[in-house]
Amino acid sequence: MEAMDLSGDKKTSDLQKKPRYSPGLAFCRSDLVLVLCIAVLALFPYTVGKYLQARATSEQSGMAAVLTVDGKEVWREELTGLASETTYSVEFGTEEIVICADASGAWVEASDCPDQICVHTGKLSKVGQAAVCIPFRVVLKIVATNPSQPDEVDAVSGSCGGLYEILFG
Amino acid sequence: MDRDGGTKEKTYSTEFFAMNTVMYIEAVGPESEEAVLAGCDKIYALDAMLSRTDPKSEISQVNAGAGVSEVTVSEETFRLLENAVLLCEDTGGTFDISIAPIMDLWGFSGSEYRVPAAEEIAATIGFVDYSGLILDSSNFGVSFSGDGMSVDLGAIAKGYASDCVLEIMKGFDIESALINLGGNVCVYGKKSNGEGFRVAIADPTHPTTYAGILEVSDLSIITSGGYERYFEKDGKKYIHIMDPYTGMPADSDLLSVSIVGPNGMRCDALSTALFVMGKEAAIEYWRAHRDFGCILVISETEVLASRDLEGVFTVTDGKTLDFFD
């Protein structure tokens, strides 16, 4: 008992000697750790919420990104469950196209094609949207994987997938 | 394949590249596969027949020789040219298939764009006159009134192709079809759930959003706009839709024009013509005809549509829709 009491006294004594939260003292390393912990905890619900929201969106619509070359599917990725942005390199023939995807959509990150229209199309986030590369005869599109979820649209008039139409030559 | 609505139907679809764009054909019904494949074959045949860059095509042969002597073409190409000239007349020349020399001058026939000097435009615009196309129905002969003229069916080829494909597909046992030729859309029948097809109108101000959505069946929906193809030089934007009267890019107060009607070729021609006309003249043209639907995108937030589309056309959030009578 005595030892314990002494120990308690010692602790009290130490705290009195080195008060942690007294104003006017330097911002020490442990304070920085504490602030960072608070910041992480504060952002946690936001980041988790954003992830769950994106995941719920793709689960609800059951979206997948599909890449076709000359009408034939060469790559497919279920967007549901993608925890973070993921990069894919898809090779076909002597060409290569880089695709990025997350739970809420997909986009062409890079392509060696001359006009770069597929890259400039940007992120596709709705079923039915597509990015088209005429020179490589490639289409990246978002498709529904849940049959009970109807497509938002069946077709888009005035766009063949973000492509700014090339005249019939 | 099990379609929505619980009805067991055979669905067949294919995606392919032709006419320098991506195409998609889908059909539902016992003979959907045969119908779609027959439609594809027709597209490839038309591509070979009407292409302006393939020297073996009939149109290339017309352009190469008709200024010197008459060129005989197939009956199909001849009838297509005949109908195209009627559309040129009907639109007062705002749609003109003889615009090809001007398109070449600006580089829109390929991809090396340039801004021609005013003198070059003045020297070329004289070749643009659809009435200089001489059609002899006795032998399907085509000639031009002078050397230097040429025709480009780019503004109607896909619309015409969708009409041809649909006619062929109707010869098979199918219940519905969706034909999308590079954004020129044609829908036939209703979906298995009994609803019409949902066809979005591209947003001219953003490549992956929509100006609005139509719910339709048995119609073509064709859109033209300056956003589709353009180049920029010294901070100025030059769009690919040319004014046949000036030889300059159309100075339109519209961002896009969508035409909804039963004939794809006419919809295709009118979408270009009404864009060139501009808002007031386009509305007047619609009032004088009233046998097609018309959607005019005025700005990022303003959309006008002909009254006949009320109930089947809605705009997306953030845009306003007004109907005209």
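Select strand β8 of chain B and strand β9 (residues 210–216) of chain B: six bridges join the two, which run antiparallel. Helices (H or I, at least four residues) and strands (E, at least two) are DSSP runs, numbered from the N terminus. Two strands count as paired if DSSP finds at least two bridges between them. Within this pair, find B:Ile201, which stands opposite B:Gly212 in β9(B).

The model is predicted: local features need pLDDT of at least 70, side-chain atom pairs count only at pLDDT 80 or more, and totals for chains, interfaces and linings use all residues. Residues are numbered from 1 along each chain as its sequence is written, and chains are lettered from A and ligands numbered from 1 in the order in which they are written.

**The sheet across two chains**

The four strands form an open sheet in the order β8(A)-β8(B)-β9(B)-β16(B), with mixed pairing. At its edges are β8 of chain A and β16 (313–315) of chain B, each of which pairs on one side only. From one strand to the next, the twist averages 30 degrees; axes are lines fitted to C-alpha atoms, for helices over the stretch in contact, and angles run from 0 to 180 degrees between N-to-C directions. Strands of a sheet pair through backbone hydrogen bonds, either parallel or antiparallel.

Which way do β8(A) and strand β8 (residues 197–202) of chain B run? They run parallel, joined by three bridges. Select A:Ala155 to see it opposite B:Val199 in β8(B).

**The contact between chains A and B**

Widen the view to both chains. The contact takes 29 residues from chain A and 42 residues from chain B, where contact means that the C-beta atoms of two residues, placed from the backbone, lie within 7 Å. On the side of chain A that touches chain B, strand β8 (residues 155–157) of chain A gives the most, with three residues. That side of chain A divides into 14 nonpolar, eleven polar and four charged residues. Here Ala, Val, Leu, Ile, Met, Phe, Trp, Tyr, Cys and Pro count as nonpolar, Asp, Glu, Lys and Arg as charged, and the others, Gly among them, as polar.

**Chain A**

**Domains of chain B**

Colour chain B by its domain assignment, which is automatic or from a database: domain 1 (1–52 + 154–195), domain 2 (54–144) and domain 3 (198–325). The centres of domain 1 and domain 2 of chain B, taken over C-alpha atoms, are separated by 28 Å. Eight residues of domain 1 of chain B are in contact with twelve residues of domain 2 of chain B. Helix α1 (residues 32–50) of chain B supplies the largest share of the domain 1 side, three residues.

Stay on helix α1 of chain B and pick B:Glu34. Is B:Glu34 buried or partly exposed? B:Glu34 counts as partly exposed because it has 17 C-beta neighbours inside 10 Å. Then select B:Met169: B:Glu34 and B:Met169 are 135 residues apart in sequence, with 8.3 Å from C-alpha to C-alpha.

**Confidence**

Last, colour by pLDDT, the predictor's confidence in each residue, from 0 to 100. Chain B has a mean pLDDT of 93, and 98% of its residues reach 70 or more. Over residues 1–7 of chain B the pLDDT is below 50. The model scores ipTM 0.93 and pTM 0.82.

Definitions and conventions: A residue is buried if 20 or more other C-beta atoms lie within 10 Å of its own, exposed if 12 or fewer, and partly exposed in between; C-beta atoms are placed from the backbone.
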